[in-house]
Amino acid sequence: EGGDVPRWIDNLDVLEENVNNPTRSTPWKLYVTCLYFTSYTITSIGYGDIAPVNIAERIVCTLMIMVAGTTWALVLGQVSDVVATMHSDELDFQRRMDALGS
């Protein structure tokens, strides 16, 4: 089906040679694995050398990615808010000058 094109999911077959219920044949394991793959792809964490090798590690890593991504978004939002309100006195002055001029 895929020919000679390598796919990320093909690595599971090699990792799970001796596993009774491999990821490809268990829908919830496949779902968790796909969720893990999409979460580290979307968040730009990347494809590092160290990766989870079983379902428990994938679940923990996925939760950690989501918590870290949410935390990072909150931190960036707070920093943006601080930068946006840094010159509030100057903006008030400019608004008063504009109001006096009109």
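A salt bridge here is a side-chain nitrogen of Lys or Arg within 4 Å of a carboxyl oxygen of Asp or Glu. The structure is a predicted model.

**Exercise 1.** Find how many salt bridges the whole structure holds, and state which side chains meet in a salt bridge.

Solution. 
1. A search of the whole structure gives one salt bridge.
2. The side chains of arginine 95 and aspartate 92 meet in a salt bridge, at 3.5 Å from N to O.
3. Arginine 95 and aspartate 92 lie three residues apart in helix H4 (residues 88-101), so about one helical turn separates them.
4. Arginine 95 has a relative accessible area of 55% and is therefore exposed, since exposed means over 50%.
5. Aspartate 92, at 36% relative accessibility, counts as partly exposed.

**Exercise 2.** Locate valine 53, classify its accessibility, and give its C-alpha separation from leucine 12.

Solution. 
1. Valine 53 is in the loop that runs between helix H2 (27-42) and H3.
2. With 45% relative accessibility, valine 53 counts as partly exposed.
3. Along the chain, valine 53 and leucine 12 are 41 residues apart; their C-alpha atoms are separated by 8.6 Å.

Terms used:
Residues are numbered from 1 along each chain as its sequence is written. This is a predicted model: local features need pLDDT of at least 70, side-chain atom pairs count only at pLDDT 80 or more; totals for chains, interfaces and linings use all residues. Side-chain values use heavy atoms; hydrogens and water are left out. Helices (H or I, at least four residues) and strands (E, at least two) are DSSP runs, numbered from the N terminus. Buried means under 20% relative accessible area, exposed over 50%, partly exposed in between (1.4 Å probe, protein chains only).
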